Amino acid sequence: MAEKQVMVVGIDDSDYSTYALEWTLDHLITPPPNPIFNLVLVHAKPSVSSSVGFVGPGAAEVVPIVDADLKRSANKIIEQAKDLCLKKKVNDIKVEVLEGDARNVLCDAVEKHHASILVVGSHGYGSIKRAVLGSVSDYCSHHAHCTVMIVKKPKTKH
């Protein structure tokens with residue numbers, strides 16, 4: 001029997017990420033007993049040093065508090081993603097929380113797992129915001145060594 005392909009899905013605390021995961025579960029994940037993909041959910045947790053922008057008196061007291069907050073946030077994101085998978089009857093998932101910039105973390109996860117596809121949500125930034133903030137999906141589409149699917153959340157009509 002052939003080994004299943006791997007699908008990596010990037011997750012964060014945004015509605016865009018949740019929509020991308022939900023869309024993926026609805027459209028690309030086949031139900032047991034014969035799923036096509038091994039599903040790996042990856043969350044890039046910011047490092048404490050990237051979150052604490054200063055060094056000096058008082059930094060030693062702030063670092064453990066920030067680290068605890070980052071871990072708590074990562075656990076919440078992971079639990080919400082797991083709950084969504086369970087609601088969609090997808091039980092066989094692997095979850096990873098890796099520290100670093102999401103762009104690099106996701107591309108590294110693709111390499112590590114020999115993924116066939118990477119799924120990321122799109123925040124829908126315009127060209128100026130994308131240039132200033134950087135786009136994880138744009139970076140991954142150019143640097144990941146697999147197919148990259150960018151899932152856009154439909155805009156609400158006013």
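**A guided tour of the predicted model**

Residues are numbered from 1 along each chain as its sequence is written, and side-chain values use heavy atoms, with hydrogens and water left out.

**Stop 1: the overall fold**

The protein chain has six helices and five strands, and from the N terminus on they follow the order β-α-β-α-α-β-α-β-α-α-β. Helices (H or I, at least four residues) and strands (E, at least two) are DSSP runs, numbered from the N terminus. Of the 158 residues in the protein chain, 35% are buried; buried means under 20% relative accessible area, exposed means over 50%, and partly exposed lies in between (1.4 Å probe, protein chains only). Among contacts in the protein chain between residues at least 6 apart in sequence, 77% join residues at least 24 apart. A contact means heavy atoms within 4.5 Å.

**Stop 2: the sheet**

Select the five strands. They form an open sheet in the order S3-S2-S1-S4-S5, with parallel pairing. Strand S3 (93–99) and S5 stand at the edges with a single partner strand each, so one side of each has no neighbour in the sheet. From one strand to the next, the twist averages 25°. Two strands pair if DSSP finds at least two bridges between them. Strands of a sheet pair through backbone hydrogen bonds, either parallel or antiparallel.

Next, select S1 and S2, which pair in the parallel sense over seven bridges. Met 7 stands opposite Leu 39 in S2, and the bridge partner of Ile 11 in S2 is His 43.

Is S2 enclosed by the rest of the structure or left open? Eight of its nine residues are buried, so S2 is largely enclosed.

Now select helix H6 (residues 136–143). It lies across S4 and S5 and runs at about 160° to S5. Axes are lines fitted to C-alpha atoms, for helices over the stretch in contact, and angles run from 0 to 180 degrees between N-to-C directions.

**Stop 3: the nonpolar cores**

Display side chains. A nonpolar core is a set of buried Ala, Val, Leu, Ile, Met, Phe, Trp, Tyr and Cys residues joined through side-chain atoms within 4.5 Å. Which members of the largest core, with its 20 residues, touch the most other members? They are Met 7, Val 9, Ile 11, Leu 21, Leu 25, Leu 39 and Leu 41. The elements giving two or more residues to this core are strand S1 (5–11), helix H1 (15–27), strand S2 (37–45), helix H3 (59–87), strand S4 (117–122) and strand S5 (147–152). H3 supplies the largest share, five residues. Apart from this core lies another, of 16 residues, among them Val 40, Cys 107, Val 120 and Cys 140.

Centre the view on Met 7. Not counting residues up to four places away in sequence, Met 7 touches several residues, including Thr 24, Leu 28, Phe 37, Leu 39, Ile 117 and Val 119.

**Stop 4: the salt bridges**

The structure holds ten salt bridges, each being a side-chain nitrogen of Lys or Arg within 4 Å of a carboxyl oxygen of Asp or Glu. Select Glu 22 and Lys 88, whose side chains meet in a salt bridge (3.6 Å, N to O). Glu 22 lies in helix H1 and Lys 88 in the loop between H3 and S3, so the pair ties together parts 66 residues apart in sequence. Glu 22 is partly exposed at 31% relative accessibility, and Lys 88 is partly exposed at 29%.

Finally, select Lys 45, Asp 67, Lys 71 and Glu 99, which are linked in a network of salt bridges. Asp 67 pairs with Lys 45, the closest N and O atoms being 3.9 Å apart. Asp 67 lies in helix H3 and Lys 45 in strand S2, so this pair ties together parts 22 residues apart in sequence. Lys 45 is buried, with a relative accessible area of 8%. Lys 71 also forms a salt bridge with Asp 67, at 3.2 Å between the closest N and O atoms. Both residues lie in helix H3, four residues apart, about one turn of the helix. Lys 71 is partly exposed, with a relative accessible area of 45%.

Definitions and conventions
Predicted model: local features only at pLDDT ≥ 70, side-chain atom pairs only at ≥ 80, totals over all residues.
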